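Please read the following briefing alongside the sequence and the coordinates.

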Amino acid sequence: SGCERRRSARGSKSLCRRQTVETIQHTSHRKSTFEWWERDRALRSEVSHMDRSSANCAADEGSVVEVDLISQMLHHYGICTESWGTGEAGTLTSFAQEVQRGASQLMLDATEHRKLVRVVDVVLLRVTLGGGSSTRLLLEHRQVFRDGRSVEGLDRLPGAKRECHENPRQVTDRILEKYLNCDPSMFYFDYANTEVLEEQQESRSYPGVATVYRCEVVSGFLLDMDIPPHEIGANIQFQDASGVTREFSWRPLEECRNAGVLGAVEPGALAKGAVATTSGKVGYSGLVPAPVALDEEKLRARLQDAGLDECLVDGRGIHKLTGELIKGESCLMKHATNGLTRVVEMVVLRLVKAGSGEILVETLRQPSEGLAEVVNRLPSGKRRRDENPFWCAHRIITEILQLDENCVQLDKDCVEIVEESFESKKFPGLSNVRRKRIISGVISLGQDGSGQSQDFSAYSAMRPGMLSAWRGDSLSDGSLPAAGQQSNRSNFQPLPTLPQSSSPSVNPQNSSDFGSPMPNFGIGLDAETGELMLSPNPSN
């Protein structure tokens, strides 16, 4: 929501400028105090899970696929899976695996009655050229396969599915490096003011389940690209390593808007936190976590059969436990020795500040009603049973730490798991196990306290006619000349050297395409003119 984005921006700036920051969760109204501690201080204070070699830690080999839980949720919301596994339809197991590994999320569309949807997160790049009435968008619009088959009329922005361990900035860099074959420092993107578009489609792979593509649109433009005017409107073809030829071009913004291209709006056209749909409606997202189906009477009978304390079965404890189970914050499992056991899944973040090596520690925690308690532990939060640990980590970053997630780069290759027994005053007589997944990450804060390392407003002020300023091709009215049209170059004033963005390294191997990726293109010098230009052959 817009409120969450503003809180994240304020929190990022606070962490950048101060050693101690207080946050208040908007749902529970719990107040937390976070501090940057030197490593030695954290070790002296016995902060748990400081090292990857901590006692009782083991590498997490992946979450157990809870097919029964996913099946229970689907049937509770009236989704029939009898036809799954036949024809083009996937199996229930493959669907559960997709959810558990974070490729999609199960959520409830609160705008309709009891509608469970499959949510896929996508990042789209709105790369513009020029300004004003001459603004153009980079679009892919055609593919030709090796066997001669072709797909016409794609007309879409460059984009890719967002992996659960990535933030939008990392996805942007992956698109530029892998799909467009160019250096991210050649572009400028405004990560602080992204927009969200939601597109809903019926899934062919999983009949009966609507898929919502939640597209985060990142606006940006070329910094120092020199493209001859006659090439701006031309179609450019590229062939990738698999033999697929893709065609894309710079299209006028007005033409893209009239054609209904998803995301073809002026940057900043949507209000903060607003969500647009393909039907043209603008509002706020109705996607919320889906409650887990639960029968309180069956739960009561199960607790009585286990011989638990009467105050848990007949008192307020049963209602508290029911609420917790419905939210997915815990589950009941049979233990070989302890019998019925309450298992609470947790995600713990071991976050280090880039440069200084300081550790982020939660020092105080105060509930909405009660006194503050000294905790001195790493930031953490409860994980839903149907939630991938990395999506939970992003939720902790944005809701509890109230940080811009573009500041944080999570280590997808190092997740540890710790299990510990504990006593709960809320549920007397019930065995409790806390299962923690510890995820490491690095926080890189720009001068403004966000993942944005440069001042976007300074560049935005230069955007209108920027290409013209670089080439000196502007006409008297500031517009770009048409192909073959001459212009006065005597007023050319070179712009000062712009700082390059510090982009995190990206591993392109673990990625998934949003449809088909944008084609690769080469950046090189024209042999005759010596000008920097797009080359249809990456080797040029």
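Which glycine with a positive phi follows α3? The residue is G78, whose phi is near 75 degrees. The model is a predicted one, and the chain has 540 residues, of which 51% count as buried. Its secondary structure comes to 13 helices and 24 strands, and among contacts between residues at least 6 apart in sequence, 67% join residues at least 24 apart.

**Packing of α3 and α4**

- Helix α3 (residues 67-76) and helix α4 (residues 92-100) have axes that come within 9 Å and cross at roughly 100 degrees, which means that α3 is roughly perpendicular to α4.
- On the α3 side the contact is made by V67, I70, S71 and L74, which meet L92, T93, F95, A96 and V99 of α4; these residues divide into seven nonpolar, two polar and no charged.
- Within α3, the buried residues are L69, I70, S71, M73 and L74, and what covers them includes α4 together with β4 and β5.
- Within α4, burial applies to L92, F95, A96, E98, V99 and Q100, and their cover includes α3, β4 (105-109) and β5 (115-129).
- Helix α4 is followed by G102, a residue whose phi is positive and near 90 degrees.

**Positive phi outside glycine**

- E46 is not a glycine, yet it has a positive phi of about 55 degrees; E46 lies in the loop between α2 (39-44) and β3 (58-59) and counts as exposed, at 66% relative accessibility.
- N376, likewise not a glycine, has a positive phi of about 45 degrees; N376 belongs to strand β19 (residues 373-377), and its relative accessibility of 23% makes it partly exposed.

**The surroundings of G328**

- G328 is placed in the loop between α10 (317-327) and β16 (331-335), and at 2% relative accessibility it counts as buried.
- Although G328 and P291 are 37 residues apart in sequence, their C-alpha atoms are 7.0 Å apart in space.
- With neighbours within four places in sequence left aside, the residues in contact with G328 are V292, R383, R384 and R385.

**Cysteines**

- The structure holds zero disulfides.

**Confidence of the prediction**

- The chain averages a pLDDT of 75, and 69% of the residues score at least 70.
- Among the elements of the chain, helix α11 (residues 389-400) has the highest mean pLDDT, at 95, whereas helix α13 (residues 466-471) has the lowest, at 33.
- Over residues 453-540 the pLDDT stays under 50, and for this stretch the model has 191 contacts beyond four places in sequence.
- Where pLDDT is low, the predicted coordinates should not be read in detail.

How values were computed. Residues numbered from 1 in each chain as written. Predicted model: local features only at pLDDT ≥ 70, side-chain atom pairs only at ≥ 80, totals over all residues. Heavy atoms only, no water. Axes fitted to C-alpha atoms, helices over the stretch in contact; angles between N-to-C directions. Helix = DSSP H or I, 4+ residues; strand = E, 2+ residues; numbered from the N terminus. Parallel < 35°, antiparallel > 145°, perpendicular 65-115°, else oblique. Contact = heavy atoms within 4.5 Å. Nonpolar A, V, L, I, M, F, W, Y, C, P; charged D, E, K, R; others polar. Disulfide = S-S within 2.5 Å. pLDDT = per-residue confidence, 0-100. Buried < 20%, exposed > 50% of the residue type's maximum accessible area, 1.4 Å probe, protein only.
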